[in-house]
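These are my notebook entries on one protein structure. I record what I looked up, entry by entry.

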Amino acid sequence: MTSTDSTPKVDEASGGKPMGTARGVLKTMRPRQWVKNVLVFAAPFVGGGLFDGPVLINCLVAFAAFSLAASGVYLVNDALDVESDRVHPTKCKRPIAAGIVPVTLAYGVAAVLFLGAIALSLLATWQLVVVLAVYVVVQLAYCVWLKHQPVLDICIVASGFLLRSIAGGVATGIALSQWFLLVAGFGSLFMVAGKRYAEMMVAESTGAKIRKSLESYSSSYLRYIWSLSATVMITTYSLWAFEIRETQNNTIWSVISIVPFVIAVLRYSVDVDRGTGGEPEEIALGDRVLQVLAIVWVAMLTLAVYA
């Protein structure tokens with residue numbers, strides 16, 4: 001009789017040792033993904049108060065709280081997807097799927113991270129606690145069910161970026177521009193649609209079943225989503241730039257920042273169009289031209305707000 005035991009095998013490289021397990025937990029927490037949480041600094045930065053002591057401290061608290069919460073979500077997600085990850089061409093190497101990290105341990109560490117994130121956010125404002133709690137609940141709902149629902153899966157992932165942007169404002173008491181929120185929302189949708197497009201390309205080339213919701217998408221539909229999102233994002237950013245000009249003594253720098261912003265979006269779109277936008281942080285960290293554009297863009301916004 002063929003055994004159907006689904007108990008994960010311990011990776012020989014780790015030998016089941018505590019140190020190997022600890023490294024596996026840390027890897028599953030995805031510290032490289034914490035770069036996404038810099039969005040909490042966006043609203044205070046543009047609001048002109050980022051470098052005030054209390055504001056900066058609350059931003060750092062929000063950054064740390066969202067980093068812990070996001071890592072907890074990754075642990076839960078990988079624990080739930082352990083079986084499907086084992087047949088995935090690349091996700092099979094994830095610590096939980098590879099048997100380095102036990103599923104029960106992943107859930108336990110996730111619970112500790114969630115509690116730590118909420119406790120940490122209490123150091124800032126109660127509004128940050130609410131935003132963080134909404135983020136955790138929505139992301140867990142995504143892990144359990146919503147990731148399999150077409151359209152909703154894209155919107156839920158995009159909402160995570162938007163909630164990070166909102167968190168920076170509520171943690172510091174800085175008002176959020178309506179244009180800023182639209183830029184954050186449609187920018188998130190743009191990146192997530194690009195990620196799904198990349199996953200579809202991988203599924204078509206390898207025959208692997210990446211995720212159930214992809215069965216309801218076509219490449220033309222995903223291209224439509226990210227092109228529409230890019231259009232709205234550029235439009236709302238331009239309106240936001242003009243709003244900054246009006247509120248910052250008519251400085252021209254915010255308007256000039258539209259140029260590197262648009263070029264950066266077009267540059268990133270090249271990767272999306274090639275189907276290599278599956279990991280936005282890897283594109284950002286590996287594309288030198290994109291990094292230069294980002295530096296120029298931030299420099300112009302800095303001159304617009306702080307000069």
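How much helix and how much strand does the chain have over residues 252-269, and how far apart are the end C-alpha atoms? I found 89% helix and 0% strand, with the end C-alpha atoms 27 Å apart. Helices (H or I, at least four residues) and strands (E, at least two) are DSSP runs, numbered from the N terminus.

I noted that this is a predicted model, in which local features need pLDDT of at least 70 and side-chain atom pairs count only at pLDDT 80 or more, while totals for chains, interfaces and linings use all residues. Residues are numbered from 1 along each chain as its sequence is written, and side-chain values use heavy atoms, without hydrogens and water.

I next consulted UniProt, where an unreviewed entry places the feature "transmembrane region" at several stretches, including residues 126-145 and 252-269; such annotations may be inferred rather than shown by experiment. Over residues 126-145 I read 95% helix and 0% strand, and the end C-alpha atoms are 29 Å apart.

I then looked up Ser269, which lies in helix α11 (residues 258-274). Ser269 is buried, at a relative accessible area of 13%; buried means under 20%, exposed over 50%, and partly exposed in between (1.4 Å probe, protein chains only). Leaving out residues up to four places away in sequence, Ser269 touches Phe190 and Trp226, where contact means heavy atoms within 4.5 Å.

Finally, I examined the largest nonpolar core, which has 82 residues; Phe66 and Phe190 are among those with the most contacts inside it. A nonpolar core is a set of buried Ala, Val, Leu, Ile, Met, Phe, Trp, Tyr and Cys residues joined through side-chain atoms within 4.5 Å.
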